[in-house]
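Please have a look at it first.

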Amino acid sequence: SEFTVNVDGNQAEKVAEDKTLRYQIVVLTLLGDAIGCGLFDGVAIAAAFASSLPLGVSTAIAVVLHEIPLEISDIAIMYSSGLPIPAIVGLNVLVSCSAFVGVLIFFILQALTSHIVMWLLPLIAGSFVYMAASVCVPLLNELNAQTEGNSYIGAVMQSIGYVLGVAAMLILAVLE
């Protein structure tokens, strides 16, 4: 519960607006996660497995590694909005089930045309690159801004991230 001081009704209205805004942010976060990540991840994993077992396994591993920080941020958003823990868990499980809908969508597309994998794999790879660039590049620019003019720290941090990313892809390629 929140403690408010009611001065001419303005404070109570502000608290109600803040609560509404927090729930709207939760709903938008969950919708974005369900549509943008769940459906897309389901299609990506299904298409990769349809292409080959090793590609499917490596794609599933990459998606899981991508989902860990995403789920942590979703939980933080929902927790800070005041949702109870059981609701947070239930909503996350429900949203995660959208990946199965993505798999179903892939099977429907595959039933319509046998060449769908040939078209989906480049589209999925390009989308992953776009998502990484659109999220990571602004974060890297912000990191550089926070180093207060010391470009060496930013360059070292970016180099470490680059090496870790290349190493992860190399390990996945070798395991494939």
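Helices here are DSSP runs of H or I of at least four residues, and strands are runs of E of at least two, numbered from the N terminus. This is a predicted model, in which local features need pLDDT of at least 70 and side-chain atom pairs count only at pLDDT 80 or more, while totals for chains, interfaces and linings use all residues. Residues are numbered from 1 along each chain as its sequence is written, and side-chain values use heavy atoms, with hydrogens and water left out.

On those terms, the protein chain has 6 helices and 0 strands. Of its 176 residues, 23% count as buried, meaning under 20% relative accessible area with a 1.4 Å probe, protein chains only.

One residue I would point to is Ser81, in the loop between helix H2 (53–80) and helix H3 (85–96). Ser81 counts as buried because its relative accessibility is 4%. Beyond its neighbours within four places in sequence, Ser81 is in contact (heavy atoms within 4.5 Å) with Arg22, Tyr23 and Val26.

Now to the pocket: which helices each supply at least two residues of the lining of the second largest pocket? They are helix H1 (10–51), H2, H3 and helix H4 (98–112), and the largest share, 5 residues, comes from H1.

How values were computed. Buried means under 20% relative accessible area, exposed over 50%, partly exposed in between (1.4 Å probe, protein chains only).
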